[in-house]
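Keep the sequence at hand as you read.

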Amino acid sequence: MANKTTESFFDAPAVAIITGASRGIGRAIAIEFAKRFTNRLLLVLTGRSEKGLQETAAKIRADGDQGTIEGVIEDLFKGIAPGTYGHALLVNNAASSGDVSKYVRDWDTTAMKTIENYLSFNVISPLLLISKFLSSFPNSKLDNLDRNSTTMRRTIVQLTSMSAVLPTECMSLYCAGKAAREMLHNVTALEEPGIRVLNYAKGPVDTAMLNHLKENTASSKTTELITKSMEIAVSPEKTASVLCGYLKQDEYESGSRIDLFDIIGFPKSE
Amino acid sequence: MADLKVTTFCVVTGASRGIGKEIAIQLAQKLGPNSSVQLVARNQQALEDTADKIRERVDGSVQVRCVAADLSNVESVTNANQEIFDNVKDISTFSHAILVHNAASLGDTSKYARELDDVDSLQKFCLLNMSGPISLTSAFFKVFGHGKDSLRKTVVQLTSDNGTTPYKTMHVYCMAKAGRDMFFRVMALEEPEVRILSYDPGAVDTDMFKQTLSSPDKDLVSTVGDISKQTYFLKPEQSAGALVKALEEDKYENATVVRAYDELGMKVD
């Protein structure tokens, strides 16, 4: 159901937390948000590379969007006064591919720690962020926790992929992680009727991860799949832009999933 | 039809009570002479009870071992994953190897997702429900994966409709089932010779079922309360029996959810 307010999606003073913003899609989304938000915007960017984050910030400032950005901080949720924003957004984008160079039967004996770390980063972190986000930006101001009040807009976007629904050889952790994340966001959507939750399947995107998958996978079937994906891959900027257009329309059912190609149509083969 | 009456190496996690206990007891009775059954859970005493019940019912040549381990503790799990296979000196003595991932937990159903902040308990949850079973599966294939073609391998994982349908306050449980279901779908692709049974045991009268009543979500509690009065509220032995039947019939599609209700011919949505 659409959350039709008189204000357009990008018009309220907003705070947006974006994970994995040091490169790729996360960076592209940060830049796109900076372009589209018309009022005050506080971008809170996280990522593993400090340098990458600084570059993202620099690109945003260089594009002349300085006026709308209050700051770029790495300490999430610190010093954010929720009452001063009309819209809070969380973009759960950060993800890793896991070791695609081996079939499960060939994992070495130290796999336990690797699996734990993988799920920590790809599943538990997004979960904790959702929890922190929801408790930091409660539905209505201060004490009155009326869950159905529309005082502040809240949007959670989860970057997912076909891998959440298409099992792929040598990508067991990636697929399992994506499936788990989507379900987590589905439950969140159910529990929080006042929040807009979207599972955005980004499509094949021309990033370091896609290249890494192609170079390292042990499965020839997966190599074939990735090669086909690369032929129709879009730029991070493109998928970020499509996402924003879709968010702006605000017509999706909360908790649903949408794929890039559902929105822009599947590319026709030459 | 699959012939279960062969020399089998079998592992059942969470075999100390509930569905796991029944699965272990019923499955063990179907296995052939010189089989070896590994029972894994935290409670040593309860495991011994399961082991005793099995020994009363099987041929003296069937060996039953108890591996007590806290499956939500990293060190325990790492040790257990090795200890479980300690007895396997020569895989050619077995015709079949079965791994049953039954151990699970619900997570904190007394909270909504927005209230979850205990990192430690979330990590323990992931270990018990996801990373532990995943790494045990890998260890299983390391030991039996490269045997000659005649060594059959079966992996059973207990799932739930929570793997496909979200429920309020069942956040991490739904999340883990969805993740596991997908993990085993990838396994089915990677190991086409292995039988993978994703088994939905139905609504079963166990401690875990009772725990859902602690949810603050009134709808969930009333649904759960309702279920407990229905004829399709199963006893652990019924659900376990249906699982064994599915294994014997051997008609299931790998990693595609098989429901106890369908095996039992019960019409339940």
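In strand 2 of chain B, B:Q38 is the bridge partner of B:V11. The model shown here is predicted. From strand 1 of chain B, the path goes through helix 1 (residues 18-30) of chain B to strand 2 of chain B. This β-α-β crossover is right-handed. Strand 1 of chain B and strand 2 (residues 36-41) of chain B run parallel, joined by five bridges.

Strand 1 of chain B also pairs with strand 4 (residues 96-101) of chain B. That pairing is parallel too, over five bridges. Here B:V12 has B:V100 in strand 4 of chain B as its bridge partner.

**Inside strand 1**

Which way do the side chains point? In a regular strand the side chains alternate between the two faces of the sheet. B:T8, B:C10 and B:V12 point one way from strand 1 of chain B. B:F9, B:V11 and B:T13 point the other way. Six of the six residues of strand 1 (residues 8-13) of chain B are buried, so the strand is largely enclosed by the rest of the structure.

**A residue in helix 8**

B:L243 lies in helix 8 (residues 236-249) of chain B. Is B:L243 buried or exposed? Its relative accessibility is 1%, so B:L243 counts as buried. Leaving out residues up to four places away in sequence, B:L243 touches B:I23, B:V156, B:L197 and B:Y199.

**Aromatic rings**

Over all chains, the count comes to 18 aromatic pairs. One of them is B:F85 with B:F144. Their ring centres are 6.3 Å apart and their planes stand at 70°, so the pair is edge-to-face. The pair links distant parts of the chain, 59 residues apart. B:F85 is in the loop between helix 3 (74-83) and strand 4 of chain B, while B:F144 is in helix 4 (residues 119-144) of chain B.

B:F85 has a relative accessible area of 8%, so it is buried. B:F144 is buried as well, at 0%. Ring pairs link both into a cluster with B:F9, B:F94, B:F140 and B:F141. B:F9 is also a residue of strand 1 of chain B.

**Charges over rings**

Two arginines sit over aromatic rings, as the table shows.

| Charged residue | Ring | Distance to ring centre |
|---|---|---|
| A:R48 | A:F121 | 4.4 Å |
| B:R195 | B:Y252 | 3.9 Å |

How values were computed
Residues numbered from 1 in each chain as written. Chains lettered and ligands numbered in written order. Predicted model: local features only at pLDDT ≥ 70, side-chain atom pairs only at ≥ 80, totals over all residues. Heavy atoms only, no water. Buried < 20%, exposed > 50% of the residue type's maximum accessible area, 1.4 Å probe, protein only. Helix = DSSP H or I, 4+ residues; strand = E, 2+ residues; numbered from the N terminus. Pairing = 2+ DSSP bridges. Right-handed = clockwise from strand over helix to strand, strands pointing away. Contact = heavy atoms within 4.5 Å. Phe/Tyr/Trp six-rings, centres within 6.5 Å; stacked < 30°, edge-to-face > 60°. Lys NZ or Arg CZ within 6 Å of the ring centre and 35° of its normal.
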